[in-house]
Number of protein chains: 2
Amino acid sequence: MERKRIAIVGVGLIGGSLALQLNEKGLAAGIVGVEANPDHAAKALEMGLVDEVLPLEQAIEESDVVILCIPVDKMTGLLPKVLDRVSHQIVLDAGSTKGQLIDAVKEHPRRGRYVASHPMWGTEYSGPAAAVKHAFENKAVVLCNAAESDADAVSWVKNAFQKIGMHLLEMNAHDHDLHAAYVSHISHITSFALANTVLEKEREDQAIFELASGGFESTVRLAKSNPSMWVPIFMQNRENVLDVLNEHITQLRKFKACLEKENYAYLQELIENANRISRIIK
Amino acid sequence: MERKRIAIVGVGLIGGSLALQLNEKGLAAGIVGVEANPDHAAKALEMGLVDEVLPLEQAIEESDVVILCIPVDKMTGLLPKVLDRVSHQIVLDAGSTKGQLIDAVKEHPRRGRYVASHPMWGTEYSGPAAAVKHAFENKAVVLCNAAESDADAVSWVKNAFQKIGMHLLEMNAHDHDLHAAYVSHISHITSFALANTVLEKEREDQAIFELASGGFESTVRLAKSNPSMWVPIFMQNRENVLDVLNEHITQLRKFKACLEKENYAYLQELIENANRISRIIK
């Protein structure tokens with residue numbers, strides 16, 4: 001696979017981790033960063049995530065591949081402008097929602113140069129200092145509406161994600177956004193809400209966290225996630241997230257009803273049903 | 001610290017992990033297991049967690065310390081019977097709820113021999129094969145109502161938990177059960193309910209788990225936990241768990257209202273508030 005000159009727009013957790021992996025797998029003939037936050041730009045250079053930081057226009061001009069790794073609200077504004085400036089370049093993104101982004105460039109004359117993708121990896125941290133080596137290995141990457149992209153662009157993107165160790169899934173944007181609401185977005189809402197539940201209690205009982213152990217950490221760690229990433233995701237995937245959130249509250253109310261009515265046989269059944277998740281997560 | 005002959009009643013995840021740690025730290029002059037499940041008994045012997053498996057009465061007779069590591073419903077029944085049979089022995093437990101257990105022996109003539117304790121560690125797995133080395137290191141252990149226990153018993157228990165690497169907390173059973181509801185029991189309910197939410201969706205959409213990644217795993221891993229351990233915990237801590245569950249549903253409904261009303265400024269605020277959990281979990 002020929003090395004490409006790659007521009008990464010947004011050198012944070014995702015952009016930075018991608019840079020590490022693209023370099024390690026020999027996919028990049030130089031990586032240019034585009035970064036609005038001067039502290040992040042300096043850190044990305046210092047860490048060697050990127051070779052230089054350039055303004056967007058110049059970065060596009062000097063690259064073969066442009067990867068957008070910015071919050072999804074900024075992405076829907078920026079993607080059409082990026083496509084305005086590309087000729088031969090391949091453009092892809094790492095956004096957590098796909099519907100609005102694809103709609104934003106549906107009629108764009110350069111639509112074919114864009115490959116909508118979502119590498120399914122992240123942590124609750126953000127910024128270039130949070131970048132992780134080998135981050136995407138053995139994770140899924142979803143390509144959406146690939147038939148609307150040029151064949152050469154899809155081919156390079158597929159190869160690149162496979163080289164960095166990901167397995168490919170293809171689906172339309174609608175299905176992606178629905179599935180992501182169920183297996184990613186709702187987890188963040190439950191975690192934020194759980195953190196708020198216990199933090200609220202802390203106002204009257206300051207020792208409430210003394211007993212917190214591994215189980216608690218596991219269920220609230222996502223509550224550390226950055227609102228500037230997550231508010232736009234919830235905005236763009238509002239209807240799906242609301243549906244799942246309603247279902248989740250319904251499920252919680254079943255546990256509540258069991259306790260209120262002291263119906264422990266049904267409580268046992270609910271937990272046994274939940275245990276079937278072992279089939280999915282090892 | 002003089003080595004003691006120790007009986008562990010219930011050689012599963014907790015009993016087995018305690019056995020490993022008590023042996024490693026040189027606290028045990030032999031460990032006897034008491035185990036109703038013959039497969040677990042055989043496995044515990046095979047793994048060398050215990051030196052022999054004996055009936056309860058004989059195990060108590062031949063030991064200096066008796067540690068109960070069985071589900072909390074079985075424990076409230078068994079603890080008075082164990083105290084009926086002890087003379088010099090120290091009895092402690094590893095149960096996740098404390099109120100009902102302490103009440104069950106309040107008037108027992110041997111109450112002083114019992115030290116109510118809750119080492120705050122566990123995983124979503126169960127049985128002796130799930131036992132983990134160094135499991136309790138750097139975790140908290142709570143001693144409840146220690147003033148009701150004999151001084152020599154409390155002293156040995158404190159020393160033993162410190163030797164296996166735990167830090168001690170003391171509180172009354174009421175506070176323990178309230179705190180445990182907030183930082184342990186509710187995490188399990190949210191995890192069970194989240195698993196059921198997505199498993200329900202899987203009935204109509206079998207590919208729903210294809211995108212599941214680390215964040216999802218983290219928030220649902222507790223959903224693999226054993227109902228025979230957790231139903232009794234929820235029964236015994238019913239009122240506290242109901243209070244926290246109601247508060248948690250209230251918090252979730254705030255997220256729902258933000259999305260319904262498209263009030264993204266308040267959504268941002270809710271998430272920023274949740275981010276304060278970073279102060280608690282690293």
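Me: Is A:Asn145 buried or exposed in this model?
Reply: Happy to start there. This is a predicted model, in which local features need pLDDT of at least 70, side-chain atom pairs count only at pLDDT 80 or more, and totals for chains, interfaces and linings use all residues. Residues are numbered from 1 along each chain as written, chains are lettered from A in the order written, and side-chain values use heavy atoms, without hydrogens or water. Buried means under 20% relative accessible area, exposed over 50% and partly exposed in between, with a 1.4 Å probe and protein chains only; A:Asn145 has 18%, so it counts as buried.

Me: Where does A:Asn145 lie?
Reply: A:Asn145 has a positive phi of about 50° although it is not a glycine. Helices (H or I, at least four residues) and strands (E, at least two) are DSSP runs numbered from the N terminus. The place of A:Asn145 is the loop between E7 and helix H6 (151–163) of chain A.

Me: How does A:His134 count by relative accessibility?
Reply: A:His134 also has a positive phi, about 55°, and is not a glycine. The loop that holds A:His134 runs between strand E6 (114–119) and strand E7 (140–144) of chain A. Its relative accessibility is 35%, so A:His134 counts as partly exposed.

Me: How many salt bridges are there between chain B and chain A?
Reply: The rule asks for a side-chain nitrogen of Lys or Arg within 4 Å of a carboxyl oxygen of Asp or Glu. One such pair is B:Glu202 with A:Arg279, at 3.0 Å from N to O. Between chain B and chain A, the count is four salt bridges.

Me: Which element gives the largest share of the side of chain B that touches chain A?
Reply: That side divides into 48 nonpolar, 20 polar and 18 charged residues. Here Ala, Val, Leu, Ile, Met, Phe, Trp, Tyr, Cys and Pro count as nonpolar, Asp, Glu, Lys and Arg as charged, and the others, Gly among them, as polar. The largest share, 22 residues, comes from H7(B).

Me: What kind of axis relates the two copies?
Reply: Superposing by least squares on the C-alpha atoms of residues with pLDDT of at least 70 in both copies, chain B can be laid on chain A with an RMSD of 0.0 Å, by a turn of 180° and a shift of 0.0 Å along the axis. The two copies are therefore related as by a two-fold rotation axis.
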